[in-house]
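Here is a short briefing on two parts of one model.

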Amino acid sequence: MITGKNYIGNTLSAKGTKTYTTFNPQLNQENSISFVEATTKEIDLAVQLATNAYPQFSGLSGTRKAEFLNAIADEILALDDLLIKTYCSESGLPEGRAIGERGRTVGQLRSFAEMVKEGSWVEASIDTALPDRTPVPKPDLRKMLIPLGPVVVFGASNFPLAYSTAGGDTAAALAAGCPVIVKSHPMHAGTGELVASAIIKAAAKTKMPNGVFSNLNSSGIEVGVSLVKHPGVKAVGFTGSIRGGRALFDLASQRKEPIPVFAEMGSVNPVVILPEAAKKRGETLANTYASSITLGSGQFCTNPGLLLGIKGDALTAFIKNLSDAIVKIEPSCMLHPNIIGAYENNKQKAVSQSGLQVVADFGAGVQSNYARQTVTTVEGKTFLENTTLHQEVFGPYSIVVQCKDKNQLEQIVAHLEGQLTGTIIAEEDELKEYKEIVSALQNRVGRLIYNGVPTGVEVCPSMQHGGPYPASTDSRFTAVGIHSVKRWVRPISYQDWPDSQLPDALKNSNPLGISRLVNNEKTNRKL
Ligand code: NAP
């Protein structure tokens, strides 16, 4: 049952007076449950409980944390149809997507469980002492990763499950040993509360300390601002707009004790279509890209919003084929009236720029909250000179830039802002011929794709989801896959510490049997 209350640790609480509801974009009406925004006292209590839980939770074995993560996955599945129905009613997304996203969420939790159970993720490194070294003896040094402390996670609007309450950021932070306080996304507060109840049940079943998890409601920036400024909070995870992510990053940097904000924000995911590939495969490519641009109503951070090619018959034919294909696709529902409002405004702003030509626009009438897909085109010179055209239009929109030659294409790629992904559509020989462009693109992105589409983010250790600013605030880290745990830890070295008092990961006997770097050799042997 959804109560509309906050979880302050394991207690349901609703002390505030500010309430709000979620919205069903398919029915174009508000949902009935009223959610109560967290008060300052409730925020303080959630942070205090997380701070109290940290020493015990951070010291738990990998096996115990794995039990907790797996129990969360089980409890999410036990929510069954109620979760799926609530998700659909708060997002306008179809049931198949809800089920798929639940599978991804559960899969992420289980892969972090495997990682912590195995244990080598702490990157234990041991350099034994050389007491006879001259001119000075070398001390015994042992290093590993330890959790930062309480982490605040801002749920994403476009992934109500996989990047929200028990999504990738939360799973990674809990795996690291950090208590988590979620600032629930107001557009799917019911989905958030259900998932929070699953986490609280799992915490009780696996005997986790109270405060290991809290879920705070809010529909406005105040709760998030208070959390980021709170001295008890040690790191922040965010997925959303550049404006929101940057505001939180600046706030965290201005604190007396600055803390890291790992924000995954906007990206237009440039796709470079080289001439030979356009000539040979233009029509197929156009169909593939029509589907990718409109997938999930364009509400993916990896949506291909910018297509770049060199002027000529092949590119002209590609634009025509893309336009013909995209208008045949039925429009779909966006997440919320605010999201479609932003889409229409941003699209209007782009379309009103001089030199831009609309080549495809779904013309027929659409239901409320359904997005009309649009493709535009512009000359390379105009694009270079007008940075408004470089901005993300979150939704089913893409711009095709027609460059006059290879040099102009390279110049545009080199001047792009940081991106999550970059794609090269090419024949293999063209990769050599256009190597400067490939290299320029590599400099701007976190993931380089060959002959594919950027939508569809595989969850696995080799995935990089993050890129140079403003795609993310720290391009050294990924927000997807088990390596995302590295955002929530810091290294610590123990010097000349007695073996009996070292963490198990660093003891001579290697009781965890993990892989370690011992005197520069990777081994799981004991010393
Ligand atoms: P958002 O406006 O960035 O908000 C995300 C979360 O951060 C919300 O919980 C919001 O709280 C909070 N927030 C935003 N600005 C804040 C601030 N200055 N201080 C404290 N908290 C703040 O994103 P959204 O509502 O999810 O979607 C709006 C737009 O973001 C979309 O139209 C799209 O352009 C972009 N977006 C991009 C991606 C991507 O992956 N690239 C994903 C999702 C959204 P409140 O809502 O309670 O104010």
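Strands β9 and β10 (residues 180–183) pair in the parallel sense, with four bridges between them. The model is a predicted one.

**β9 and its partners**

- In the pairing with β10, Val151 has Val180 as its bridge partner.
- β9 also runs parallel to strand β12 (residues 235–239), joined by four bridges.
- On the β12 side, Val151 is bridged to Ala235.
- A right-handed β-α-β unit is made by β9, helix α5 (residues 168–176) and β10.

**Faces of β9**

- Strand β9 spans residues 151–154 and is covered on both faces.
- Val151 and Val153 are buried on one side.
- Val152 and Phe154 are buried on the other.

**Helix α15**

- Helix α15 spans residues 435–444, and its buried residues are Ile437, Val438, Ala440, Leu441 and Arg444.
- An α-helix has 3.6 residues a turn, so residues three or four places apart point the same way.
- Lys435, Gln442 and Asn443 are exposed on the other side of α15.

**Cover over α15**

- Helices α13 (406–414) and α14 (428–433) are among the elements that cover the buried residues of α15.
- The cover also includes strands β14 (271–273), β19 (419–425) and β20 (445–450).

Note on methods: Residues numbered from 1 in each chain as written. Predicted model: local features only at pLDDT ≥ 70, side-chain atom pairs only at ≥ 80, totals over all residues. Heavy atoms only, no water. Buried < 20%, exposed > 50% of the residue type's maximum accessible area, 1.4 Å probe, protein only. Helix = DSSP H or I, 4+ residues; strand = E, 2+ residues; numbered from the N terminus. Contact = heavy atoms within 4.5 Å. Pairing = 2+ DSSP bridges. Right-handed = clockwise from strand over helix to strand, strands pointing away.
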